[in-house]
Amino acid sequence: MSGTSNGAPLLRVAEVRKYFPLGGTFPWSRAKGYVRAVDGVSFDIQPHETLSLVGESGCGKTTTAKLITRLEEVTGGEIFFEGQEVQHVQGRALRRYWSSVQAVFQDPWSSLNPRMRAGDIIAEPLLVNQHLRGQAVQQRVAELLLAVGLEPAAAGNFPHEFSGGMRQRVAIARALALRPALIILDEPVSALDVSIRAQIMNLFKDLQEQFGMAYLLIAHNLATVRYLSHRVAVMYLGSIVESAPSEALFTHPLHPYTRALISAALPIRPGEEREEILLSGEVPSPTNPPAGCRFHSRCPLAFARCSEETPELRELAPGHLAACHVYE
């Protein structure tokens, strides 16, 4: 599985924006400004592919995921799933969409109902969406538990009876229940012990091979991103500044921000040498992003044009896009 299909994308995000109003205690109050959490983001995800969104906290990664799952509504732009626009669908069409797009969250403790047994947690989407009953549900739950590396007998346990890694396996089984085409992984291993992370990462790879779903991975740990991803998109202050196949991005990063991120990450191999890049200043406020390139106030390569004109995301090598005036 290459994850590089050239066919129609499974998911297409086109110039999507999400602005949160500031101020105004009452619904009729006038907004005093806006937080531009996501500001003109575009990307595709192909079937069976893993695309990662990376960047510092607050760059808009999780908000983008919430827009795709309809937990937040877009301010502007469009989202298409299997060629169909999804941000305005309602009723049965919305339920079908939610069946096809599932999520696994960072903290398996808070995402699982502590009053429900594991089997009931996994069975819930089957009961609600597929109306399975009795033996059919029990058999499907047992299959899902085995798929994520748990024994069927674990169906009778409550979440507090599991370790963190086992709870995350239950959450993954629940996400798999409806055989989704896309699973959003929001920091899926960052809350786990280091000794368990590799097991869960390998599980994600095995499940993708077995069931053929696509992943949108939200993460800040670059080692996790490099291991799981086919392609990577780097976000800064609500916008994508670079997008490339995973190995191309890690071996030949083009945008100064991407280079700084990789420089700051722990080396994958002991003794690995890398360029040390220290960024000056703080991330600007998303309520008042700087004119021109949003990274120019911290960029070691910035020149006059960077503070005046917003660079376009352009293809600089096959499949490798960057938004930087240096390459013009």
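Q: What share of the 328 residues of the protein chain counts as buried, and what makes a residue buried?
A: Of the 328 residues, 48% count as buried. The model is a predicted one.

Q: Why does the radius of gyration of the protein chain agree with that of a compact globule?
A: The rule takes 2.2 Å times the number of residues to the power 0.38. For 328 residues, a compact globule would therefore have a radius of gyration near 20 Å, and the protein chain has 21 Å, which agrees. Along the principal axes, the C-alpha atoms fill a box of roughly 70 × 60 × 40 Å.

Q: What part of the contacts with a separation of 6 or more joins residues 24 or more positions apart?
A: Such pairs account for 63% of these contacts in the protein chain. A contact requires heavy atoms within 4.5 Å. The chain holds 10 helices and 12 strands.

Q: Why is Gly156 called partly exposed?
A: The class lies between the buried limit of 20% and the exposed limit of 50%. Gly156 has a relative accessibility of 33%, and therefore counts as partly exposed. Gly156 is located in the loop that links helix H5 (134-147) to helix H6 (164-176). Its C-alpha atom is separated by 19 Å from that of Leu132, 24 residues apart along the chain.

Q: Why is Ser111 called buried?
A: The relative accessible area of Ser111 is 18%, and the label applies under 20%. Ser111 is therefore buried. This residue belongs to helix H3 (residues 108-111). With neighbours within four places in sequence left aside, Ser111 is in contact with Phe105, Ala171 and Arg174.

Q: What makes strand S3 (residues 50-54) mostly covered?
A: In S3, 5 of its 5 residues are buried. Thr50, Ser52 and Val54 point one way from the strand, while Leu51 and Leu53 point the other way, and all are buried.

Q: How do you know that S3 pairs with strand S9 (residues 231-236), and in which sense?
A: Pairing requires at least two bridges between two strands. S3 and S9 share 4 bridges and pair in the parallel sense. Leu51 stands opposite Arg231 in S9. S3 is also joined by 4 bridges to strand S8 (residues 214-218), again with parallel strands. There, Ser52 stands opposite Leu217 in S8.

Q: In what order do the 4 strands of the open sheet stand?
A: The order is S2-S1-S4-S5, with antiparallel pairing. Strand S2 (33-45) and strand S5 (84-85) each have a single partner strand, so they stand at the edges, and one side of each is left without a neighbour in the sheet.

Q: How many bridges pair strand S4 (residues 76-81) with S5?
A: S4 and S5 pair in the antiparallel sense over 2 bridges, and the requirement is at least two. Phe80 stands opposite Glu85 in S5.

Q: Which residues of helix H2 (residues 91-100) are buried?
A: They are Leu94, Tyr97 and Ser99. The buried residues of H2 pack against strand S1 (11-22), helix H1 (61-68), S4, strand S6 (101-104) and helix H4 (118-130).

Q: What is the accessible surface of the protein chain, and what share belongs to carbon and sulfur atoms?
A: The accessible surface comes to about 16,400 Å², and 51% of that area belongs to carbon and sulfur atoms. The mean positions of the 31 positive and 33 negative charges are 7 Å apart.

Note on methods: Residues are numbered from 1 along each chain as its sequence is written. This is a predicted model: local features need pLDDT of at least 70, side-chain atom pairs count only at pLDDT 80 or more; totals for chains, interfaces and linings use all residues. Side-chain values use heavy atoms; hydrogens and water are left out. Buried means under 20% relative accessible area, exposed over 50%, partly exposed in between (1.4 Å probe, protein chains only). Accessible areas come from the Shrake-Rupley method with a 1.4 Å probe; for residues, only the protein chains shown count as cover. Lys and Arg count as positive and Asp and Glu as negative; His and the chain ends are not counted. The place of a charge is taken as NZ of Lys, CZ of Arg, CG of Asp or CD of Glu.
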